[in-house]
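Keep the picture open while you read.

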Amino acid sequence: MKLANYFDHTLLKADCTRKDILALCQEAKEHQFAAVCVPPYYVNLAANELDDTRVKVATVIGFPMGYAA
């Protein structure tokens, strides 16, 4: 088993873009990370990109910079 299978690949910058999330998902697929962790407003995009893989999608609430509404 690859070590990457135990790690989340995370991008939580407030100014990340759709393109950044797509690149994150591609890297997660290539390296077989356990999950990607993305801002709440990108969960659907990441889930669609990773639908045919074993990579899970995680998000945060209230972290960082007050993502909670």
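To talk about who sits inside and who sits outside, we need some cut-offs: buried means under 20% relative accessible area, exposed means over 50%, and partly exposed is in between (1.4 Å probe, protein chains only). This is a predicted model, where local features need pLDDT of at least 70, side-chain atom pairs count only at pLDDT 80 or more, and totals for chains, interfaces and linings use all residues. Residues are numbered from 1 along each chain as its sequence is written, and side-chain values use heavy atoms, with hydrogens and water left out.

**The layout**

The protein has two helices and three strands. Helices here are DSSP runs of H or I with at least four residues, strands are runs of E with at least two, and both are numbered from the N terminus. Read from the N terminus on, the order is β-α-β-α-β. Of the 69 residues, 33% are buried.

Contact means heavy atoms within 4.5 Å. Among contacts between residues at least 6 apart in sequence, 50% join residues at least 24 apart.

**The core**

In soluble globular proteins, nonpolar side chains tend to be buried together. A nonpolar core, as used here, is a set of buried Ala, Val, Leu, Ile, Met, Phe, Trp, Tyr and Cys residues joined through side-chain atoms within 4.5 Å. The largest one in this protein has 15 residues, and those with the most contacts inside it are Ile-21, Val-36, Val-38, Tyr-42 and Ala-46. Helix 1 (18-31), strand 2 (35-38) and helix 2 (43-49) each supply at least two residues of this core. Helix 1 gives the most, with four residues.

Let's zoom in on Ile-21, which is found in helix 1. Ile-21 counts as buried because its relative accessibility is 0%. Leaving aside neighbours within four places in sequence, Ile-21 is in contact with Leu-11, Cys-16, Val-38, Pro-39, Tyr-42, Leu-45 and Ala-46. Tyr-42, for its part, touches Cys-16, Thr-17, Arg-18 and Ile-21, again not counting residues up to four places away.

| Pair | Apart in sequence | C-alpha to C-alpha distance |
|---|---|---|
| Ile-21 and Ala-46 | 25 residues | 7.0 Å |
| Leu-22 and Glu-49 | 27 residues | 7.4 Å |
| Ala-14 and Pro-39 | 25 residues | 8.0 Å |

Leu-22 lies in helix 1. Is Leu-22 buried or partly exposed? Leu-22 counts as partly exposed, because its relative accessibility is 25%. Beyond neighbours up to four places away in sequence, Leu-22 touches Leu-45 and Glu-49.

**A buried histidine**

Now look at His-9, in strand 1 (residues 8-10). With 17% relative accessibility, His-9 counts as buried. Its side chain makes a polar contact with the side chain of Glu-27 at 2.6 Å. A polar contact is a pair of N or O atoms within 3.5 Å; within protein, one must be able to donate a hydrogen and the other to accept it, and residues adjacent in sequence count only if both atoms are side-chain atoms. Not counting residues up to four places away in sequence, His-9 touches Leu-24, Glu-27, Ala-28, Phe-33, Ala-35, Val-36 and Cys-37.

**Loops and ends**

Two loop residues are worth a look. Ala-14 sits in the loop between strand 1 and helix 1, and with a relative accessible area of 43%, Ala-14 is partly exposed. Gln-32 sits in the loop between helix 1 and strand 2. At 41% relative accessibility, Gln-32 counts as partly exposed too. Its phi is near 60 degrees, a positive value in a residue other than glycine.

Finally, find Tyr-6, in the segment before strand 1. Tyr-6 is exposed, because its relative accessible area is 59%.
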